[in-house]
Amino acid sequence: MNATPAPGPPTLVTTRLALRDLRAEDASAIAAGAGDPRVARYLVQVPSPYPVALARRWVAHRREWWPLGRGVTLAIALRDAPDQLLGTVSLRRFARDRRAELGYWLAAAHWGHGFATEACRGIVAFGFGQLELARIYAQVLAGNAPSMRVLEKIGMVHEGVKRQHVKKGHHLHDIVLYGLLRDEWRNST
Ligand SMILES: CC(C)(COP(=O)(O)OP(=O)(O)OC[C@H]1O[C@@H](n2cnc3c(N)ncnc32)[C@H](O)[C@@H]1OP(=O)(O)O)[C@@H](O)C(=O)NCCC(=O)NCCS
């Protein structure tokens, strides 16, 4: 008997972007983009270099999230070039608490055009609107000023610092916590 594959998440269309389901063919763009040392240095679990085989496993693992209700990971692409992955944006959902953690990265060649802000706004609206979350939060490695700016632009509130919370490379790093509640989001849109 052939099992019918579970349906994937919807494509979220924003002004310039299509946030679409991840595909196995995205693995090489993910390995190159996230494995770039300028990007990987701020992603706790991403090695640099990042082997394509590992990226392929990551795609398969993240695609399991949606049917299990564990969250959603979407490719960031331009609306008029939806096949070309520029980065990813995700909500890792903790259903019992109606909260999710926002994660994102963008290939360095595409920084500085507001794409991450636009992608985060899009998935946050989906999280509060369709997934009915109560809280969305993000955890940023200390010193990652562009990422903190993205979170401030989408209305997130600085909630504190977890000191020496994660090991990346040979060092323990502080984590800066940002959060947004459903009512705050609703009042700002
Ligand atoms: C963080 C990241 C996603 C931002 O992508 P982006 O598309 O360039 O972001 P945007 O253009 O939407 O916004 C970036 C903001 O940071 C600002 N910025 C850039 N460099 C900065 C710096 N050194 N100090 C302060 N602000 C900075 C930009 O000016 C812009 O703000 P503005 O619109 O007010 O001018 C991208 O840099 C990235 O992938 N970094 C590595 C991975 C990562 O950090 N992921 C997040 C983990 S929490």
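The paragraphs below describe the strands and then the surroundings of the ligand.

The model is predicted, so local features require pLDDT of at least 70 and side-chain atom pairs count only at pLDDT 80 or more, while totals for chains, interfaces and linings use all residues. Residues are numbered from 1 along each chain as its sequence is written, and side-chain values use heavy atoms, with hydrogens and water left out.

Eight strands form an open sheet with mixed pairing, in the order 1-2-3-4-5-6-8-7. Strands (E, at least two residues) and helices (H or I, at least four residues) are DSSP runs numbered from the N terminus, and two strands pair if DSSP finds at least two bridges between them. Strand 1 (12–13) and strand 7 (157–168) are the edge strands, each pairing on one side only.

Within this sheet, strand 4 (residues 87–94) and strand 5 run antiparallel and are joined by eight bridges. Four residues lie between the two strands of this hairpin, in which arginine 98 takes a positive phi near 55 degrees. Strand 5 pairs with strand 6 in the parallel sense, over three bridges. Alanine 100 in strand 5 stands opposite arginine 93 and also opposite isoleucine 136 in strand 6. Glutamate 101 stands opposite tyrosine 137 in strand 6.

The ligand is surrounded by 22 residues (a heavy atom within 4 Å), and the closest are Tyr104, Gly112, Thr117, Asn144 and Lys153. Strand 5 (99–106), helix 4 (115–129), strand 6 (135–141) and helix 5 (145–153) each supply at least two residues of this shell. Helix 5 gives the most, with six residues.

Oxygen atoms of the ligand lie 2.5 Å from a polar side-chain atom of threonine 117, 2.8 Å from a side-chain N or O atom of arginine 149 and 2.9 Å from a backbone N or O atom of leucine 106. On its own the ligand has 960 Å² of accessible area (Shrake-Rupley method, 1.4 Å probe), of which the protein covers 72%.

Terms used:
Polar contact = N/O pair within 3.5 Å; in protein donor to acceptor, adjacent residues only side chain to side chain.
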